[in-house]
Amino acid sequence: RVNAQGTAAAESGANVLSAEATTFAYRRPRALNTVELLKKASEELRLGPMDTMNVAQQLYLKGIISYPRTETDVYPEAFNLEATVTLLTQSEDYGADAAALLQ
């Protein structure tokens, strides 16, 4: 039985014998390039291209997603991630986060 406050109220004679908490971890979804973003938004949300890009731009401006207008999600073998992150340590916005990644 649930009371007005939304918590369980024990009936007379009822006892909880055990309880278990479980933590779930979800993998971050793979980044979408612009074409994939437009396709998913159309198929799953029924949004047109202009609405999709407007929403993506607003999410980007709020810092929720990375830049929405990109056509790559694969980097060349020669891409030096450590050097790129090291450059970001000089940023006022990202410096502390970049330094933490290098530790």
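Is Tyr60 buried, partly exposed or exposed, and what is its relative accessibility? Select Tyr60 in this predicted model, and you will be looking at a residue that counts as partly exposed because its relative accessibility is 32%, a value that lies between the 20% limit for buried and the 50% limit for exposed.

Within H2, colour Thr52, Met53 and Ala56, which are buried; seen down the axis of H2, its buried residues fall within an arc of 90°, so they line one face of the helix. Turn to the face of H2 that points away from this buried side, and you will find the exposed residues Met50 and Leu61.

Stay with the surface and select Val55, Leu59, Tyr60, Leu61, Ile64, Ile65 and Tyr67, which together make a nonpolar patch of about 620 Å². After H2 comes Gly63, whose phi is positive, near 80°.

Now move to helix H1 (34–45), which is included in what covers the buried residues of H2. In H1, select Lys40 and Glu44, which lie four residues apart, about one turn of the helix, and whose side chains meet in a salt bridge at 3.5 Å, N to O. A search of the whole structure finds one salt bridge. Of its two partners, Lys40 counts as partly exposed at 41% relative accessibility, whereas Glu44 is exposed, with a relative accessible area of 56%.

Definitions and conventions
Residues are numbered from 1 along each chain as its sequence is written. This is a predicted model: local features need pLDDT of at least 70, side-chain atom pairs count only at pLDDT 80 or more; totals for chains, interfaces and linings use all residues. Side-chain values use heavy atoms; hydrogens and water are left out. Patches are made of residues with over 30% relative accessible area and no salt bridge: like charges are joined within 9 Å, nonpolar side chains (Val, Leu, Ile, Met, Phe, Trp, Tyr) within 5 Å. Accessible areas come from the Shrake-Rupley method with a 1.4 Å probe; for residues, only the protein chains shown count as cover. A salt bridge is a side-chain nitrogen of Lys or Arg within 4 Å of a carboxyl oxygen of Asp or Glu. Buried means under 20% relative accessible area, exposed over 50%, partly exposed in between (1.4 Å probe, protein chains only). Helices (H or I, at least four residues) and strands (E, at least two) are DSSP runs, numbered from the N terminus. The arc is that of the directions from the helix axis to the C-beta atoms. Contact means heavy atoms within 4.5 Å.
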